[in-house]
Amino acid sequence: MKVLNLTFFSLPFVTAFIITYFTYTSLWTAWFDFLLWTSVTLGFFQFITTFIQTKGALNYSLPYAIKVSKFKVAGFVTAYNENPEIVKKTLLSVKAALGNRGTVFLLDDSTKPEIIRELSEFCKSNGIVYFHRTERRGFKAGAINDAIKALGDEYDLVAIFDADQRPTKNFFDIVMPFFEDPRVAFVQVPQYYEKSKSLIGQGARYQQEPFLRRIMRGRDLRSAFSLGSGTVYRISALKEVGMLEENTVTEDVATSVKIHEKGYISKYVDLPLIWYGAPPAEVSAYITQQSRWALGGFQLIGTLLNSDLDFRTFMDYISGVFYWLEVGPFTLVQIAAPITFMFGIYFLKLSPMIYVSAYVPYFVFSLYYFYYLMRGTEYGLKGFILHQALEYIEFIGVTASFFAWVLKRKVPFKVTAKGRSARSMRPLSYHVIILTLLVASMVKGILLIRGASPLQLWSIGINLFWASWHYFFLITGVYISIASMSEEEKSYLSFLS
Amino acid sequence: MISSKLKESVIRAEYIEQVALNSLLEFYRITNREGRDYLEVEIFETMIHREIMKAIRRAEEELEEIRKLPEGNLSFRDLIESLKARSDIEKTAEIFYQEQSLAAPTPFLRGLFELIAQNEKLHSDTLNYALTARNSIAELSKGSSCLIEGSPGSNFLRILELITKDLKRKMFMVKTREDLPSVSDNEILIIPSYFIDRDNAKNRRDAVALATRLAVEVSEKVEDGSMLVFYYANELCPSHEELVYDFWDSLINTLRRNFKDLYVVLVCTTMLDGSGCVRVYPLVDYVVDVQDVYGLMYKVKKVSP
């Protein structure tokens, strides 16, 4: 099994290497040629895996009727210096949903004394168990593991909610019956982002659509993974895999891998069972969130390659890794390609006619397939543009995460901000530099048209197309980031300029 | 007798009345003679409102205590006969309150006494009707399906309890909402995925497909020889009125094909305009028309040969 998995993982790189062998111009630039081809092959393999996954998604359906189950549930709400008002409302929502089926626990790792006092008093007066740690070993996963150990054998299931994700009243009625199947180790419901005025918030919401409506549906009853909140675990299964993984920033996915490795399955219940959730509203919060998820994805590579996952499940997971590579470091490579070409560094030897005849049909088909896939959802053209623009905004953060992983650096991550933080324009400075380079390359490309041979015209045309493509989404990303800033941040920006 | 929701409302109402009373008393202290005359009626009636709310709460608490008394041997039939022998108490009370309403000094008190008199009369009427009504419920066990219909808030559960007692079958209840009261250990919950498809059902084919799939899924969870209750049936069918018959026809027929012996009960609420599950009448043996919220007044009619 492992050989098959390793072969699949290495295929994009091996394919890119073979193509590089036939297309490199000099040994000095071969590495860049290889990286560019890897970005293409990674994209292709990611498309293939998504295609396979989403084929299943189109047949996804949930039962109409379920037999009401009786399990004893521990409802965990995790918090770390969060706004107490948000935490209190979530606690009450969980309590209302849980009813007499179990107990609500607040796992509060807060360090601010006023928050600790306020939340512990609230818990005391509302019949909620307050659980506080002074040292944050293992962060959120550590808090959950410690609390589960303290529970003993009293509970069958544990439900985990972030402080800003509130379950609906019928959450447990709907989720619990799936545990009647002993193969099911956990049930995941989609996270919910409420409608936001901020374009970043809207984009983050649209970005979730293909993932939650198609990818996760396609992974239902096989490899649907925990999203960290809105997950209900079978405690015995968690104990069997040694509890939640603590040595990664995305403990949810790493734990899911361990569970799937044991042969358990997971159920994805795509129903609106979370009724409140705040998306990141400004660019630095958004980049912090995406970088953390990306780092988790990269940290997973070793675990996946050493795992005993069956091929289909491995393919599902590795597709996620390909995604982060594609969105992060390889976006940088793709942007750099037309710039280097326009400035006279010819690193690739390929007839533009071959490129056009091979790549254009694939490109058009992948766009059409994406459109076909998202029909019937609220995604649309606006969703597509905001989604792509945000990916161009996050790529520097994701690339930084990639290098943090390569260099084995422990990146101290903040909690994803639930509001606006000051000076969120700082991450955009890199984007402005790249935009300037893209504009310069486009101007250079236009100047090169004069006196170019027909074949050179094709090459210039292709590179102009890609430079414009990157420019459009990057400038849209910068625009929505600025439009999502607060007035205070905008005045700071005008002061700087 | 009263739901926890009503209990909460009563406590809230009592609090609101007390707040109103305090405010009126503040004005009473500072106003002149004419103002006091005006306020006295309002203060008196607000006090009565508050006391009524208090009384509802206390009556419920008292009833809870009474329920703890051990059960006796007197049958329902004998109980009704015994009560009938003492029905003059109700009649006397009715006449007494009627007289009080005529002599009452304010419209509010007049209305209150009239209402109590009417209620005493209802008690007498119910007593005369109780045995007939109970026997008509027993009639239901001769068929294999029935529809219980009434306005929202009717005590459908009381009728269901009686039917279960007569049929001596295990009850499986299909609930359309998780917050409906529990009367069976075997509950089947309809989840939002069903309602999404129900709302998308536009034609006969969609309705039949929806009903068939629902019946198949429910069949997997139900035992032969049991009683299956759809609570509330009208929330299950597509909103297009012309699809209701086809929907229930497919659902009931699929269930019949899957089980040799299954008693099907549809609980349905009537709308404000009086419409309800009329289109389902041809598919069931009996219709129970619940006319009173306490489930003591109902009419059973046989609707299919």
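This is a predicted model: local features need pLDDT of at least 70, side-chain atom pairs count only at pLDDT 80 or more; totals for chains, interfaces and linings use all residues.
1. As to the extent of the interface, chain A brings 14 residues to the contact and chain B brings 20 residues. The area buried between chain A and chain B comes to about 1,600 Å², and carbon and sulfur atoms give 64% of that area. On the side of chain A, the residues that lose the most area to chain B are A:Tyr64, A:Ala65 and A:Lys67, which together make up 48% of what that side buries.

2. Turning to the elements involved, strand S1 (65–67) and helix H6 (171–175) of chain A are those that give two or more residues to the side touching chain B. Of the elements of chain A, S1(A) gives the most to that side, with three residues. Sorted by class, the side of chain A that touches chain B consists of eight nonpolar, two polar and four charged residues.

3. The strand S1(A) also takes part in a pairing between the chains, for S1(A) and strand S3 (residues 186–190) of chain B run in the antiparallel sense and are joined over three bridges. Within this pairing, A:Ile66 has B:Leu189 of S3(B) as its bridge partner.

How values were computed: Residues are numbered from 1 along each chain as its sequence is written. Chains are lettered from A and ligands numbered from 1 in the order in which they are written. Side-chain values use heavy atoms; hydrogens and water are left out. Contact means heavy atoms within 4.5 Å. Buried area is the accessible area (1.4 Å probe) that two parts lose on being put together, summed over both. Helices (H or I, at least four residues) and strands (E, at least two) are DSSP runs, numbered from the N terminus. Ala, Val, Leu, Ile, Met, Phe, Trp, Tyr, Cys and Pro count as nonpolar, Asp, Glu, Lys and Arg as charged, and the others, Gly among them, as polar. Two strands pair if DSSP finds at least two bridges between them.
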